[in-house]
Amino acid sequence: MSVEAIIIQAGDGKALSLRGTQVAYKGEGERPGGGPTFLEFTAAPGFSTGDHVHSRIEEIFYVVEGEFQIRAGDRTLRAKPGDFVLVPPGVPHGFGNPDSAPAKMVLLISPAGVHEQYFEELAALLAKPGAPDIQAIAELRQRYDTQQVSPLTT
């Protein structure tokens, strides 16, 4: 089996929009050497995931620009550039952009290949006109190892 390096320059690669929040895929899918899914997440002002929990995946958040409100277990952090948060499976967490300007973070999801299609399906749901279909989003989350523990908002 031939293995190639993955090189994605700034602005290149697969990206999608979640109503103004941009998700850029940098490393995805299962690879021979393992490794996580690597996403560049640029959250629009007011974006929020709500609190949720995963049974199988670990998430790592590393803030690059702006500020995020990140909940991990019983702790809530106003995360600034350089702040790092690791959330193991089973720990309730959520994140959002409470400010009036976009904020950017690196999001690592491990293992790779488990949660990537979630964002693509979510983008398709959010691309429909009108208010988001909260029930459809809840069903999507259940299919992708995500149990919502706070109400979803529009």
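Biologist: In which strand does H93 lie?
Modeller: The model is predicted, so local features need pLDDT of at least 70, side-chain atom pairs count only at pLDDT 80 or more, and totals for chains, interfaces and linings use all residues. Residues are numbered from 1 along each chain as its sequence is written, and side-chain values use heavy atoms, with hydrogens and water left out. Helices (H or I, at least four residues) and strands (E, at least two) are DSSP runs numbered from the N terminus. On that basis, H93 belongs to the strand spanning residues 93-96, which is strand 9.

Biologist: Is H93 buried or exposed?
Modeller: Buried means under 20% relative accessible area, exposed means over 50%, and partly exposed lies in between (1.4 Å probe, protein chains only). The relative accessibility of H93 is 2%, so this residue counts as buried.

Biologist: Which side chain joins that of H93 in a polar contact of 2.6 Å?
Modeller: A polar contact is a pair of N or O atoms within 3.5 Å; within protein, one must be able to donate a hydrogen and the other to accept it, and residues adjacent in sequence count only if both atoms are side-chain atoms. The side chain of H93 reaches the backbone oxygen of V91 at 2.9 Å. Contact means heavy atoms within 4.5 Å, and, not counting residues up to four places away in sequence, H93 touches residues including H52, H54, F61 and R71. The side chain joined to H93 at 2.6 Å is that of E59.

Biologist: How many helices and strands does the protein chain have?
Modeller: Read along the sequence, the pattern is β-β-β-β-β-β-β-β-β-β-α-α-β. The protein chain accordingly has 2 helices and 11 strands.

Biologist: What is the radius of gyration of the protein chain?
Modeller: The radius of gyration is taken over C-alpha atoms, and the globule rule is 2.2 Å times the number of residues to the power 0.38. The C-alpha atoms fill a box of roughly 45 × 35 × 30 Å along the principal axes. A compact globule of 154 residues would have a value near 15 Å, and the protein chain agrees with this at 15 Å.

Biologist: What share of the residues in the protein chain is buried?
Modeller: Among contacts between residues at least 6 apart in sequence, 64% join residues at least 24 apart. Of the 154 residues in the protein chain, the buried share is 40%.

Biologist: Which helix is among the elements that cover the buried residues of helix 1?
Modeller: Helix 1 (residues 116-126) has as its buried residues E116, Y118, F119, L122, A123, L125 and L126. Their cover includes strand 1 (15-18), strand 2 (21-27), strand 3 (37-43), strand 10 (103-110) and also helix 2 (134-143).

Biologist: Which residues are linked with E67 in a network of salt bridges?
Modeller: E67 and R78 form a salt bridge, the closest N and O atoms being 2.5 Å apart. This pair links distant parts of the chain, with E67 in the loop between strand 5 and strand 6 (68-72) and R78 in strand 7 (residues 75-79). E67 also meets K80 in a salt bridge at 3.9 Å, N to O. The residues linked with E67 in the network are R78, K80 and D99.

Biologist: Which residues make the nonpolar surface patch of about 360 Å²?
Modeller: Patches are made of residues with over 30% relative accessible area and no salt bridge: like charges are joined within 9 Å, nonpolar side chains (Val, Leu, Ile, Met, Phe, Trp, Tyr) within 5 Å; accessible areas come from the Shrake-Rupley method with a 1.4 Å probe, and for residues only the protein chains shown count as cover. The patch of about 360 Å² is formed by Y62, V64, F84 and L86.

Technical notes. A salt bridge is a side-chain nitrogen of Lys or Arg within 4 Å of a carboxyl oxygen of Asp or Glu.
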